[in-house]
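Here is a friendly walk through one protein chain, written to be read with the model open beside you. Please keep the viewer handy.

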Amino acid sequence: MPRFSVIVPVYKVQAYLHACLESVLEQSFTDFELIVVDDASPDACGALIDERAARDTRMKAVHLKENVGLGPARNAGMKRASGDYLIFLDSDDTLTPHSLHAISDRIKETDEPDVLIYDYARTFWSGEAVRNQFASLLKEEGPAPFRLSERPGLLRLLMVAWNKAYRRDFIEREGFTFPPGLYEDTPWTAPVLMKAGSIATLDRVCVHYLQRRRGSILRTTTRRHFEIFDQYERVFAFLDEHPELSAAWRPVLFRKMVDHLSAVFSKRDRLPRGSRAEFLRKARTHYRRYRVPGARPRARVRARVRHGLVRLGTHRTYRTLWTALRVRSRAKRYAARARHRAKGAVLQLHYRIQLRLPLRADRAVFSSYWGRGYGCNPGALEAAVREHAPHIRTAWIADPAHHHTLPTATRRLRPGTAAYWSALARSKYLVNNVDFDRRLVKRPGQIMIQTQHGTPLKLMGLDLQDRPAAARGMDFAALLRNADKWDYVLSANRHSTLVWERVYPASYTTLEYGYPRNDIYQRASSADVARIRESLGIPPGAVAILYAPTHRDYRHTQLRSLDLERMLHNLGPRFVVLTRAHHSYGAPLAPSSGRLIDVSDHPDVESLCLASDALVTDYSSLMFDYANLDRPVVLHATDWEAYEAARGTYFDVREFPPGAVARSEDELTDIFATGHWRGSRSAQLRAAFRDRFCVYDDGRAAERVVRHVVLGEAGGLPSVAPLADRHPAPAAGVADEPLPRADVSPPAPRF
């Protein structure tokens, strides 16, 4: 018998059905049967099912003679199931890649539980994906498996059947079936979880839950929403039949019922005109029938109001109080806007006054990445200023959430405050790796250093004029006005110099001194590397892979082309993966679990590079910096054509890579499993890459900038050490096996 029976009921989803079925049939785990139930769908679904079933013997087509609804259609699929576990999937949703593999592995790890709960993400028609807000409930806490009484908070998860795998013999033994009608998941989910002898969780998104713009029955205006009352009657009837469960779970389910009823009622597009008062009266009847003494609502004001209105059941009272709450909320918003505008006007007046006061020649202001915290080239320069020009007092602009990253020796500035505007108006030196506030007035005598934040592979600046999708409404006139404020621009190599001077044409001076942020790679010791690895939780002797993909201009969401857990499983226990998502997405690539460590929020990417033994990236500029460590770099280039078409690049990095190139997950796994990632050919490629892009990064870039710009030492600056004479910080996980070096480098391409 197969491991899984995946049951998909189908009705009027012909536009979405192909994606749903392919998401199952293309899984890397193949021990399953796919049971697709055509619920007498009036469109082309039946024909599509038969066509796909004819090409894959794992798929079984079931055609019902009449439309019975989602619950009975699932029951029809269960009758034909033979798998160890049942998995339900709605026909407009999809399984994420490798999810069956992850589910199977987790079931084995947790001794075949009755129910395994996994996570989902809402995917919108716009392309946006948002993970379940209660995902933290799925993290491992204590032993697994467990009973629901040990983690009752799991009932806060969405009451659906499709985010769980169910042991079939448990379902059959208890006689669980789906009822007819809307909200059929409610009298299924709660009883199943309460009766389960063992439950486990998987903290991984396995389902993409499509939020359709039109067509979802739960988002249509219909009297069928009254069927929710029948479903909760079934829930409490189950409790009456199982008195051993009633005392513990009746108060919980009562609160959940009231929340659910009030949520349906409060959606303005759910109930037909003229039926809202009737719905509220029926809700009041259910409130009184199933009320449990002491079952109080949550502490939030809106929750208490909703419970009170369901208890009273008066539509007029509900409308009056809800209108009062909306008016109150709107008044607060208007008042806040007025205060904000008044404060802004006062601050701009303050700034204009400060601009008339003398410059302070001993002051320098730094910032990076729009106030995200201390780091990058500005961070390395700030430290160098304190070391080589101690008479300069430094200040750093950052949002309060990032103030903990700042050194104690530098002053903290919060954006938008009076102190912030005073510092911008009166400090002689202004240093940033992006642009300062557009309202900044560059004064005579002020010196602005634009450090940049990477070697450009993708098109930048004026080169984006013919790439509207990547430019996203960029104001090129404003871009040039900002460039006109720059006095110095830092460059790490000749390639960068040529790009910056063309795409940001202005009268600044280019300092081809290397990137200050890369100095640490030449200065850090083995002890520093060991300390960082210990702080990140990397086991001694482990091979740590830093995985850091870049942003995609052609996608709203992150590209998750790697199943990192599967990759680690195939590579064995010695490997660890540090995952760093691009900051523009605001979400991790994968949650931390075991040998998978999320470092997206770590403030210092240089420390992560030092801690790792190899870098896996796609088209991120991090590869140019990482090459200074002379450690292996592997490119995972699965979508080069799409990336190049959307963003545009200065050269094809696959033709001149810093190491091995993988075009699929299996190739990437093989590169590490066979040792090719650190073989002689990879070393040759890395040597050529370093010779082209790492000439000036010898550990003294920041010193050269400070001596030139701040101390005025135009001549006699520290000379650049040749690549052969440098000794970057050694890797820790492969210290016992020296990395091969290449004496002969392949020719570099022309740029």
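## The chain as a whole

Please keep in mind that this is a predicted model. The chain holds 25 helices and 22 strands. Along the principal axes, its C-alpha atoms fill a box of roughly 90 × 65 × 45 Å.

How much of the chain counts as buried? Of the 751 residues, 56% do. Contacts between residues 24 or more positions apart make up 73% of those with a separation of 6 or more.

## Helix 12 against helix 25

Two packed helices are described by the angle between their axes and the distance between the axes. For helix 12 (residues 376-388) and helix 25 (residues 701-709), the axes come within 9 Å and cross at roughly 60 degrees. An angle of 65 to 115 degrees would count as roughly perpendicular and one under 35 as roughly parallel, so helix 12 and helix 25 are oblique to each other. Their crossing is right-handed.

Which residues meet here? Helix 12 brings Ala380, Leu381, Ala384, Val385 and His388, while helix 25 brings Ala702, Glu703, Val705, Val706 and Arg707. By class, the residues of this contact are seven nonpolar, one polar and two charged.

## Helix 7 against helix 9

The second pair is helix 7 (residues 227-241) and helix 9 (residues 276-290), whose axes come within 11 Å and cross at roughly 5 degrees. Angles under 35 degrees count as roughly parallel, and helix 7 and helix 9 are therefore roughly parallel to each other.

On the helix 7 side you will find Ile228, Phe229, Glu233 and Phe236, which meet Phe279, Lys282, Ala283, His286, Arg289 and Tyr290 of helix 9. This contact has six nonpolar, one polar and three charged residues.

Helix 13 (residues 418-426) has seven of its nine residues buried, so it is largely enclosed by the rest of the structure. The buried residues are Tyr420, Trp421, Ser422, Ala423, Leu424, Ala425 and Arg426.

Strand 13 (residues 427-432) contains Asn432. Is Asn432 buried or exposed? Its relative accessibility is 3%, so Asn432 counts as buried. Apart from neighbours within four places in sequence, Asn432 is in contact with Ser367, Ser368, Tyr369, Pro378, Ile449, Gln450, Thr451 and Gln452.

## Phe476

Phe476 sits in helix 15 (residues 476-483). With 18% relative accessibility against a cut-off of under 20%, Phe476 counts as buried. Setting aside neighbours within four places in sequence, Phe476 is in contact with Gly461, Leu462, Leu464, Gln465 and Ala471. Phe476 and Ile532 are 56 residues apart along the chain, and their C-alpha atoms are separated by 41 Å.

## Arg560

Where does Arg560 lie? Look in the loop between strand 17 (543-547) and helix 19 (564-571). Its relative accessibility is 45%, so Arg560 counts as partly exposed.

Not counting residues up to four places away in sequence, Arg560 touches Pro588 and Leu589.

Key: Residues numbered from 1 in each chain as written. Predicted model: local features only at pLDDT ≥ 70, side-chain atom pairs only at ≥ 80, totals over all residues. Heavy atoms only, no water. Axes fitted to C-alpha atoms, helices over the stretch in contact; angles between N-to-C directions. Helix = DSSP H or I, 4+ residues; strand = E, 2+ residues; numbered from the N terminus. Parallel < 35°, antiparallel > 145°, perpendicular 65-115°, else oblique. Left-handed = near helix turned anticlockwise from the far one by under 90°. Contact = heavy atoms within 4.5 Å. Nonpolar A, V, L, I, M, F, W, Y, C, P; charged D, E, K, R; others polar. Buried < 20%, exposed > 50% of the residue type's maximum accessible area, 1.4 Å probe, protein only.
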